[in-house]
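Work through these exercises with the model open beside you. Try each task before you read its solution.

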Amino acid sequence: MLTRQPYDLDRTVRLVINCVLFIGIVWLINILKGVLLPFCVGCLIAYIFEPFVQFNRQLLKLKGRVLATFVTLFEMTFFLMVLCYFIVPMVISESAEMAAMLKTYTTTRHQIPFVPESLHEFLRRHVDFELIASKLTREEWIKMIEEGLSTSWSVITGSISLLLSLFSWIIVFLYVVFIMIDYERIYTGFRRMVMPKYRHIVFKIAHDVKVSMNHYFRGQALVAFIVGILFSIGFLIIGLPLAVVLGMFIGLLNMVPYLQLISLIPTTLICIVCSVSGNVDFWPLFWEAMAVYIIVQAIQDLILTPKIIGKAMSMNPAIIFLSLSIWGTLLGLIGLIIAIPLTTLLLAYYDEYIIKPHESRRDTTLQTHHSDKE
């Protein structure tokens, strides 16, 4: 049986010193958070890109990391540029079309079967459709691009906030490059910072967290990306306005389980606005959109999630909702994102260190009891 050590003077002093050091570290991090934030962002981006660096090293048979790092950065930049080249014009065109529909909706009185007129009045009273329409026009998009291009001139003319923002992004980029080049060395350095007597338990927990997070985040990000593409294609087929924007938005919401249900509200509003504009009837368009939801959800639940994520999402829905509530309350949006992998890890630890030892002790006691009887 374990005995508790008495709280003598030496142990009390060490406890006080550790508390003071912990408070001092928290205070120092709070003071330096503006400096540490670019480093943390750089570490996160380098961590996300690390599998691509390793893939390029194996593909190109490179011994070092420098060339693989710059090849990876070039690939990511090229991919984003191609994506923007094809997606941005489509988004601008859909936004302009939606802006015209919103303006028509604000001035048109149109009856939709089984939809009360009071709902239209409520929407027109509480939603500023004219403001939304003004933000979706092609001129507004061009204005945003021009303002982005003129940022450099604003920096030159003396805007210190923009200058600091630009400098921060340059620092983040430099952190990403240097961390990606020396990723393995930096990782080894962090491991050596742990005291030897704590390395076994710390490394085990860190490895389990890393495996759980990698398995969930990379899998869930891939599922969310595919789901966003499927929704965009489905909405384009049925002719729903803002198909690409809405589809990718649903894919982004899919990073948090069941959060994509929120997208039913804007989807319904878009169907109402589109029907009032006179192009299509509300109910056929609405049920076609619901059919897209059902088909994509079936593909996600029956094919994508089991094949890509596996058992990470096999928990009871009640446990998932409880996990999202607890972690979301504690850590906000970040808590919602990490709720499932952390809960899975905690349940695994609970099963390994509490349930199994208890069952083992119970079996040993039963065997001893039976042997005594014999």
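**Exercise 1.** Are Phe231 and Phe235 buried or exposed?

*Solution.* This is a predicted model: local features need pLDDT of at least 70, side-chain atom pairs count only at pLDDT 80 or more, and totals for chains, interfaces and linings use all residues. Residues are numbered from 1 along each chain as its sequence is written, and side-chain values use heavy atoms, with hydrogens and water left out.

Step 1. Apply the cut-offs: buried is under 20% relative accessible area, exposed is over 50%, and partly exposed is in between (1.4 Å probe, protein chains only).
Step 2. Phe231 is buried, and Phe235 is buried too.

**Exercise 2.** Classify the ring pair Trp283 and Trp287.

*Solution.* 
Step 1. Rings of Phe, Tyr and Trp (its six-membered ring) pair if their centres lie within 6.5 Å; planes under 30 degrees apart count as stacked, over 60 as edge-to-face and the rest as tilted.
Step 2. The centres of Trp283 and Trp287 are 6.1 Å apart, with 25° between the planes. The pair is stacked.
Step 3. Helices here are DSSP runs (H or I, at least four residues), numbered from the N terminus.
Step 4. Check accessibility. Trp283 is partly exposed at 26%, while Trp287 is exposed at 53%.
Step 5. Look around: Phe282, Trp283, Phe286 and Trp287 form one aromatic cluster.

**Exercise 3.** Where does helix α13 bend?

*Solution.* 
Step 1. The bend at a residue is the angle between axes fitted to the seven residues ending there and the seven starting there.
Step 2. Helix α13 spans residues 282-309 and bends by about 40° at Gln300.
Step 3. Gln300 is buried, as are other α13 residues, including Phe282, Phe286 and Leu304.

**Exercise 4.** Which helix gives the most to the lining of the largest pocket?

*Solution.* 
Step 1. On a 1 Å grid over the protein atoms alone, a pocket is an open set of points with protein on both sides within 12 Å along at least five of seven lines; lining residues have an atom within 4 Å of a point.
Step 2. Of its 31 lining residues, the closest to the centre are Ile48, Phe49, Phe52, Met76 and Ala221.
Step 3. The helix that gives the most is α10, with ten residues.

Terms used: On a 1 Å grid over the protein atoms alone, a cavity is a set of points where a 1.4 Å probe fits but cannot get out, and a pocket is an open set with protein on both sides within 12 Å along at least five of seven lines; lining residues have an atom within 4 Å of a point. Helices (H or I, at least four residues) and strands (E, at least two) are DSSP runs, numbered from the N terminus.
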